[in-house]
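Let's take a friendly walk through one part of this fold. Have the sequence and the structure at hand as you read.

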Amino acid sequence: MIHYRTRACGQQGTKKLRLTGLGDRALVFSDGKRVGTFDRNQPDHSVDVTVAGVSSTLDLLVDPTGRINFGDGLNDPKGISGKVLLGDEELHDWEIRRLPLDNLSALKFTSEDTPTGPAFHRARVHVDTPADGFLAFPGWDKGMVWLNGFALGRYWSLGPQITLYAPSHLWRKGRNDLVVLEMERTGDGIDVRSAPDVG
């Protein structure tokens, strides 16, 4: 994932935020509050952003959504490759940082209220005999899953695939840790099924 941050300055009030050259999906936050989403499939979309006080902090969290593998879209850059416009003004002075997801060992989990996305969640599953399993996420929207530290893949309520394959050699006898990065909304639970559902 990629995190972009800048300060939106100037006249107070609500303005339209627009992106050009977005190759993915971007969540938009103004002063830490979620205000909208951009998606590569809706290039003319805009999000209302209110500048309060002297300036507001604007954050864009870009979620790479795979690559186009056919036609004119084969040259498919990731992140934001064009301009970010607030009203008629182009925003500059961006801080840009990668958010690598290859080592999640530093994550700290609490038993407090379940946050809405984007947020990491952990579930513990006890297994008597490791076997192939298929994970389903009813009520969840879009995210990534790790089983005992191994990245299983992504899920999205858009489908068509319903389950993620969790092969037997990744399960341990006894306690197993599932970590989920949910970008939007959290469901009530995770199903471990014995058969796949590919939609």
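This is a predicted model: local features need pLDDT of at least 70, side-chain atom pairs count only at pLDDT 80 or more; totals for chains, interfaces and linings use all residues.

Strand 3 covers residues 25-30, and six of its six residues are buried, so the strand is largely enclosed by the rest of the structure. In a regular strand the side chains alternate between the two faces of the sheet. Here, Arg25, Leu27 and Phe29 sit on one side, while Ala26, Val28 and Ser30 sit on the other, and both faces are covered.

**Its partners**

Strand 4 runs antiparallel to strand 3, and six bridges join the two.

Asp39 belongs to strand 4 (residues 33-39), and Asp59 to strand 6 (residues 55-63).

| Residue | Relative accessible area |
|---|---|
| Asp39 | 12% (buried) |
| Asp59 | 7% (buried) |

What does each side chain reach? That of Asp39 comes to 2.8 Å from the backbone nitrogen of Asn41. The side chain of Asp59 makes polar contacts with the side chains of His3, at 2.8 Å, and Arg5, at 2.6 Å.

Beyond residues up to four places away in sequence, Asp39 touches Leu22, Asp24, Arg25 and Trp156. With the neighbours within four places left aside, the contacts of Asp59 include Leu27, Val28 and Phe29.

Technical notes:
Residues are numbered from 1 along each chain as its sequence is written. Side-chain values use heavy atoms; hydrogens and water are left out. Helices (H or I, at least four residues) and strands (E, at least two) are DSSP runs, numbered from the N terminus. Buried means under 20% relative accessible area, exposed over 50%, partly exposed in between (1.4 Å probe, protein chains only). A polar contact is a pair of N or O atoms within 3.5 Å; within protein, one must be able to donate a hydrogen and the other to accept it, and residues adjacent in sequence count only if both atoms are side-chain atoms. Contact means heavy atoms within 4.5 Å. Two strands pair if DSSP finds at least two bridges between them.
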